[in-house]
Amino acid sequence: GLELAPEKFIIKGKLVYGRLAKAVDGYYTDGQVSGSPSYERWGMGALIQIGKPKRNVSTYVFKAKDDKNSISAFAQDATIKPAENLIVGFSTVQEIKKKITLNAELNFSAYTRDTRVDESVLEGYTFINNLGSLFYANATSTFDKAIKAELNYNEKKYQIGLGYRRVDPDYLSMGSVYLNNDFEDIQLKTTFRALKNKLNLNLSGGFQRNNLNKDKATKMVRFISSIAATYIINKNWTSMLSYSNFNTSSEMTVVNSLDTMRYAQVTQNISGQLMYSKVMQKTRVATGLNGNYQNAKIFQNDTLNKNSSSELINANYSFQLGWLKTGFNITASIGGAVSKTGINELSTLGPTLSLNKRFKSGKITTAVSASTLKSYQNGSALGNILNLKSNNNYHINRHHALTNTLSFIQKKSSKANTKQFIATLGYNYVF
């Protein structure tokens, strides 16, 4: 990868090239599953931006392709197919006025699911067939778009934002590890400060829908609302409280009987945090308590399904003491969680202790930690996990650094007892 961003130049650029997937010609199960069949995949991308941070326009292109000759055992498999992808996109940031900002992005993805199929004309998008070696089109090819836009109004004590997203049902991208498609959503959010900036409130709400082409048996609509408040009690104490409500409703139509099955899920989430921090002459003390409660209720034709509904409670307390001159810190914490689904209850509880120290004016940093976690099901012990870890970093100078990590994990239960040791050594170079 290469990025060019001169400070006083209005043109910036990015380039990337490399292998995205390794060829795996079979299933390997010599005691462990080390991979599933896949073609070797290479990709490249480029982006050019013109303008300044508050007003600019960007265009980018991304191309990735599987090598259909990279494997032989699954070369004619119906489920493992060599694919190809071409993406062309545009994005912009525009400060319309001093208080109004627009962020927008539009990209188009041409995707061929199986390059083994003979080339053919893609109806409705014949221009794709005229791209030569840039893209191979056939009967398995699709052409879709993704849109994202956000409009923000900023004042000194409050901000208001309106966001919109749409991803076509068949939209695919080799440039993303995980991708959702077939959805459209709109969201309104606002943030404002009060009580001499001690109180900060965030509110948001919106809805999302799928089945944009209306060709699926199931359609889903989601409504989301949330409120979060942060209050600075004084220079040492800070508190936070948030609440969110997530409602999902879906309908599945049975074509033969013309009947409709309705499902609904109501998820409520409450989080709270209380933090204390104080810097003294030689030391710094910090402590915090946070907790979260989530309740998810499932309804089927307006009837509560208790076996599918769930509750989750977790809490954590931590204490940190640091010595300013020596750079030595001690952190101790304990956390627990309880999860209830139907008649089953799972719970976990465990402490963590960590120590870290800086040496030679901060060039060397060493941290060690030990944690243990016990788990229970309906009050009966399931097992225990012990984790010992060490991190070491040595900054030789502003360009060079060495890193080292050692980790030991032991898992004990009534059925098995396993141990794992991992050691890594790394070198970092910064231009």
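## Overall picture

How many helices and how many strands are there in the chain? The chain has zero helices and 22 strands. Please keep in mind as you read that this is a predicted model.

The C-alpha trace spans about 75 × 65 × 65 Å along its principal axes. The chain has 431 residues, and 23% of them count as buried. Sequence separation is worth a look too: among contacts between residues at least 6 apart in sequence, 49% join residues at least 24 apart.

## The largest pocket

Let us turn to the pockets. The largest pocket holds about 390 Å³ of space. Its lining is made up of 18 residues, and those that lie nearest the centre are Tyr60, Phe62, Ile87, Ser173 and Gly175.

Several strands take part in this lining: β2 (11-21), β3 (40-52), β4 (55-67) and β6 (100-112) each supply at least two residues. Sorted by class, the lining of the largest pocket has eleven nonpolar, five polar and two charged residues.

## The second largest pocket

For the second largest pocket, the volume is about 260 Å³. A set of 16 residues lines this pocket, with Gly163, Arg165, Asp185, Ile186 and Gln187 nearest its centre. Two or more lining residues come from each of β7 (141-154), β8 (158-167), β9 and β10 (199-210).

Strand β8 gives the largest share of this lining, five residues. By class, the lining of the second largest pocket has six nonpolar, five polar and five charged residues.

## A closer look at Asp185

Asp185 is one of the residues nearest the centre of the second largest pocket, and its place in the fold is strand β9 (residues 183-194). Is Asp185 buried or exposed? Asp185 has a relative accessible area of 11%, which is under the 20% cut-off, so this residue counts as buried.

The side chain of Asp185 has polar partners. One is the side chain of Arg165, joined to Asp185 by a polar contact of 2.6 Å. Another is the side chain of Gln208, with a polar contact of 3.1 Å. Leaving aside residues up to four places away in sequence, Asp185 touches Gly163, Tyr164, Arg165, Phe207 and Gln208.

## Aromatic pairs

The count of aromatic pairs comes to six. One of them is Phe108 with Phe143, a stacked pair at 5.8 Å centre to centre and 0° between the planes. Phe108 belongs to strand β6 and Phe143 to strand β7, so this pair ties together parts that are 35 residues apart in sequence. As for solvent, Phe108 is partly exposed, with a relative accessible area of 27%.

## Two residues with positive phi

Most residues other than glycine have a negative phi. Asn197 has a positive phi, near 70°, and is not a glycine. This residue sits in the loop between β9 and β10. Its relative accessibility is 45%, so Asn197 counts as partly exposed.

Lys214 has a positive phi as well, about 55°, although it is not a glycine. You will find Lys214 in the loop between β10 and β11 (218-232). Why does Lys214 count as exposed? Its relative accessible area is 72%, and exposed means over 50%.

Methods:
Residues numbered from 1 in each chain as written. Predicted model: local features only at pLDDT ≥ 70, side-chain atom pairs only at ≥ 80, totals over all residues. Heavy atoms only, no water. Helix = DSSP H or I, 4+ residues; strand = E, 2+ residues; numbered from the N terminus. Buried < 20%, exposed > 50% of the residue type's maximum accessible area, 1.4 Å probe, protein only. Polar contact = N/O pair within 3.5 Å; in protein donor to acceptor, adjacent residues only side chain to side chain. Contact = heavy atoms within 4.5 Å. 1 Å grid on protein atoms, 1.4 Å probe; cavity = no way out; pocket = protein on both sides within 12 Å on 5 of 7 lines; lining within 4 Å. Points joined across faces, edges and corners; volume = space filled by probe spheres on them. Nonpolar A, V, L, I, M, F, W, Y, C, P; charged D, E, K, R; others polar. Phe/Tyr/Trp six-rings, centres within 6.5 Å; stacked < 30°, edge-to-face > 60°.
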